[in-house]
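This report goes through selected features of the structure shown below. It starts with a single loop residue and then turns to other parts of the model.

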Number of protein chains: 2
Amino acid sequence: MEHFMRAALEAARRSLSEGGIPIGAALVHRGVILGTGHNQRVQLGSTVLHGEMDALENAGRQPPGTYRESTLYTTLSPCAMCTGAILLYGIPRVVIGENRTFQGEETLLRERGVEVEVLQDPECIALMERFIAERPTLWHEDIGD
Amino acid sequence: MEHFMRAALEAARRSLSEGGIPIGAALVHRGVILGTGHNQRVQLGSTVLHGEMDALENAGRQPPGTYRESTLYTTLSPCAMCTGAILLYGIPRVVIGENRTFQGEETLLRERGVEVEVLQDPECIALMERFIAERPTLWHEDIGD
């Protein structure tokens with residue numbers, strides 16, 4: 001597995017070990033990780049800190065041009081909110097661990113010119129499959145379902 | 001001005017008085033304010049807590065069905081990120097103070113079936129016009145521009 005997706009997956013696993021939702025992300029600028037993050041619904045009671053959002057938050061305030069040269073790695077296909085954040089900041093490329101357990105707004109991302117790559121990584125799939133089977137109510141809350 | 005937009009505008013003004021970006025919001029469920037919030041870029045160094053996001057965050061974890069009966073009031077037309085959050089949670093109605101100084105993703109909201117009402121409120125417009133004139137760099141950072 002690529003180094004940056006590994007960082008996102010490690011964040012996801014850290015979240016699971018804390019009792020949280022195992023989705024993680026990393027914002028990478030020119031080969032340097034600016035921030036990693038994971039879903040914070042359980043840990044912080046947050047409704048907006050999905051993995052991707054937490055990575056953006058942990059990367060801190062960056063000049064607009066930095067986002068436009070960055071790639072967002074995320075273990076799971078980004079929901080509408082995280083897609084919107086990607087579009088807001090003009091992040092040109094998103095690498096997705098898997099979209100088997102949840103398919104987000106990849107079509108919208110591509111329509112707006114974002115390069116989207118889906119790895120269908122077996123470790124990412126297994127992590128979410130197990131979580132969804134074990135905590136269905138929590139999972140549905142997280143995707144507003 | 002309607003009570004709920006007044007609450008959003010008060011949050012926006014509070015943000016300005018703290019040196020922050022004057023955009024505020026309120027999430028309202030069946031006539032009850034679940035949470036208000038304002039942009040937190042300056043105050044918390046946050047890149048994801050726009051006014052609408054901060055209101056969602058302050059409302060706390062709600063059952064999915066609650067969002068589907070709620071209205072989001074915001075002093076300014078919602079950007080792509082906040083639009084995505086509205087879509088994620090299935091909030092069916094958004095009332096916007098103004099879209100003269102910034103037009104967000106209202107078309108996408110309407111395409112997805114969200115009811116969008118724009119008030120073009122003079123107080124909301126004046127607040128943003130003055131802020132953008134005084135702090136253009138901060139404003140452009142906030143919209144990834």
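A:Gln120 is partly exposed, its relative accessible area being 26%. The model is a predicted one. A:Gln120 sits in the loop that runs between strand E5 (115–118) and helix H7 (122–134) of chain A. Its phi is near 45°, a positive value in a residue other than glycine. Most residues other than glycine have a negative phi.

In chain B, phi of B:Arg30 is also positive, near 45°, and this residue is likewise not glycine. B:Arg30 belongs to the loop between strand E1 (24–29) and strand E2 (32–38) of chain B. With a relative accessibility of 64%, B:Arg30 counts as exposed, because the cut-off for exposed is over 50%.

## Helix H3 of chain A

Helix H3 of chain A covers residues 51–59 and is mostly covered, with eight of its nine residues buried. The buried residues are A:Gly51, A:Glu52, A:Met53, A:Asp54, A:Ala55, A:Leu56, A:Glu57 and A:Ala59. Just after H3(A) comes A:Gly60, which takes a positive phi of about 75°.

## The largest nonpolar core

The largest nonpolar core has 66 residues, and A:Met53, B:Met53 and B:Met81 touch the most other members. In soluble globular proteins, nonpolar side chains tend to be buried together.

B:Met81 has contacts in both chains. Leaving aside neighbours within four places in sequence, B:Met81 is in contact with A:Met53, A:Met81, A:Gly84, A:Ala85 and A:Leu88 of chain A, and with B:Thr47, B:Val48, B:His50 and B:Met53 of chain B.

## Where chain B meets chain A

The contact takes 35 residues from chain B and 35 residues from chain A. About 2,800 Å² of area is buried between chain B and chain A, and carbon and sulfur atoms give 56% of this. Between chain B and chain A there are four salt bridges. B:Glu141 forms a salt bridge with A:Arg61, in which the closest N and O atoms are 2.7 Å apart.

On the side of chain B that touches chain A, at least two residues each come from helix H2 (41–44), helix H3 (51–59), helix H4 (64–67), helix H5 (80–89) and helix H8 (136–142) of chain B. H5(B) gives the most to this side, with seven residues. The residues of this side of chain B divide into 17 nonpolar, nine polar and nine charged.

## A buried arginine in chain A

A:Arg41 lies in helix H2 (residues 41–44) of chain A. A:Arg41 is buried, with a relative accessible area of 0%. Its side chain makes a polar contact of 2.6 Å with the side chain of A:Asp142 and another, of 2.5 Å, with the side chain of B:Tyr89. Not counting residues up to four places away in sequence, A:Arg41 touches residues including A:Ile21, A:Leu138, A:Glu141 and B:Arg61.

## A phenylalanine in chain B

B:Phe4 lies in helix H1 (residues 3–17) of chain B. At 13% relative accessibility B:Phe4 counts as buried, because buried means under 20%. Apart from neighbours within four places in sequence, B:Phe4 is in contact with B:Ala26, B:Val28, B:Gly31, B:Ile33 and B:Tyr73. B:Phe4 and B:Thr71 are 67 residues apart along the chain, and their C-alpha atoms are separated by 9.7 Å.

Notes: Residues are numbered from 1 along each chain as its sequence is written. Chains are lettered from A and ligands numbered from 1 in the order in which they are written. This is a predicted model: local features need pLDDT of at least 70, side-chain atom pairs count only at pLDDT 80 or more; totals for chains, interfaces and linings use all residues. Side-chain values use heavy atoms; hydrogens and water are left out. A nonpolar core is a set of buried Ala, Val, Leu, Ile, Met, Phe, Trp, Tyr and Cys residues joined through side-chain atoms within 4.5 Å. Buried means under 20% relative accessible area, exposed over 50%, partly exposed in between (1.4 Å probe, protein chains only). Contact means heavy atoms within 4.5 Å. Buried area is the accessible area (1.4 Å probe) that two parts lose on being put together, summed over both. A salt bridge is a side-chain nitrogen of Lys or Arg within 4 Å of a carboxyl oxygen of Asp or Glu. Helices (H or I, at least four residues) and strands (E, at least two) are DSSP runs, numbered from the N terminus. Ala, Val, Leu, Ile, Met, Phe, Trp, Tyr, Cys and Pro count as nonpolar, Asp, Glu, Lys and Arg as charged, and the others, Gly among them, as polar. A polar contact is a pair of N or O atoms within 3.5 Å; within protein, one must be able to donate a hydrogen and the other to accept it, and residues adjacent in sequence count only if both atoms are side-chain atoms.
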